[in-house]
Amino acid sequence: AFSYHGDRVQFSYNATHFRKVLDEFPGSPYEDEARLMLLRGEALVADDPDSPIRKVDEWLDFYPKSNFRPKGLLLLGRLHADAFVALKSGGFVVINGKVDQQGASEERSKHQFKGLAAFQEGFEKYSASPEASPARRESDLLKAGKDDGVFYGISY
C-alpha cells in the first residue's frame with residue numbers, strides 16, 4: 001500500500017520536473033527537494049522494509065542541513081512504523097529456512113525504537129515545521145504499539 005495518492009496522480013509531471021532539475025541544474029539549491037520528492041514518489045514500495053528505510057537514511061545523511069529534513073524524518077519514522085506494524089501483525093523473520101520468532105521480536109523492537117527516534121528528532125528539532133505535529137501524533141501511536149492505519153512504503 002502507498003499513501004501518496006495525490007502524488008501518484010501528479011507524479012508524471014512532478015517526476016519530469018524534479019528530474020529536469022537534477023539533470024539540468026546539478027548542485028542547485030533545489031537538488032535536495034528534487035531527490036526527496038523522487039524518492040518519495042517512486043522508490044519506497046518494496047517487499048523488504050529495510051530497502052526504503054536505507055534510501056531515506058542515505059538521503060538524510062547526504063543532506064544533513066536540508067530545509068526538507070523534517071519531511072525526511074517524518075517519512076523515516078513512518079517507514080519504521082510500517083515495518084513495526086507489519087512484524088506485529090503476522091510478519092516474520094526466516095533464518096536458515098525456519099521462522100524465527102525471536103528474530104521477529106527483535107526486528108519489531110528495532111523498528112519501533114528507530115521510528116520513535118526519527119519522530120522525536122522531527123518534533124523536537126523542527127517544532128515550527130508542519131511535520132512536527134504529525135510526527136508527535138505518530139510517535140505517540142508507535143510508542144503505544146499502534147499505527148495510523150496508513151502504510152507509507154511497504155507492500156507485502
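Visitor: Why is R69 called buried?
Guide: Buried means under 20% relative accessible area, exposed over 50% and partly exposed in between, with a 1.4 Å probe and protein chains only. R69 has 13% relative accessibility, so R69 counts as buried. R69 lies in helix α4; helices are DSSP runs of H or I with at least four residues, strands are runs of E with at least two, and both are numbered from the N terminus.

Visitor: What is R69 in contact with?
Guide: Contact means heavy atoms within 4.5 Å. Leaving aside neighbours within four places in sequence, R69 touches W59, L60, Y63, P64, E121 and Y126.

Visitor: What are these values based on?
Guide: This is a predicted model, in which local features need pLDDT of at least 70 and side-chain atom pairs count only at pLDDT 80 or more, while totals for chains, interfaces and linings use all residues. Residues are numbered from 1 along each chain as its sequence is written, and side-chain values use heavy atoms, with hydrogens and water left out.

Visitor: Does T16 count as buried or exposed?
Guide: T16, found in helix α1, has 52% relative accessibility and therefore counts as exposed.

Visitor: What makes α3 roughly antiparallel to α4?
Guide: Axes are lines fitted to C-alpha atoms, for helices over the stretch in contact, and angles run from 0 to 180 degrees between N-to-C directions. Angles under 35 degrees count as roughly parallel, over 145 as roughly antiparallel, 65 to 115 as roughly perpendicular and the rest as oblique. α3 and α4 pack at about 160°, with axes 10 Å apart. That angle makes the pair roughly antiparallel. On the α4 side, the contact includes R69, G72 and L73.

Visitor: What makes a group of residues a nonpolar core?
Guide: Its members are buried Ala, Val, Leu, Ile, Met, Phe, Trp, Tyr and Cys residues joined through side-chain atoms within 4.5 Å. The largest one here has 20 residues, and L36, V56, W59, L60 and L76 have the most contacts inside it. α2 gives the largest share, five residues. A second, separate core of eleven residues includes A81, V85, F123 and A132.
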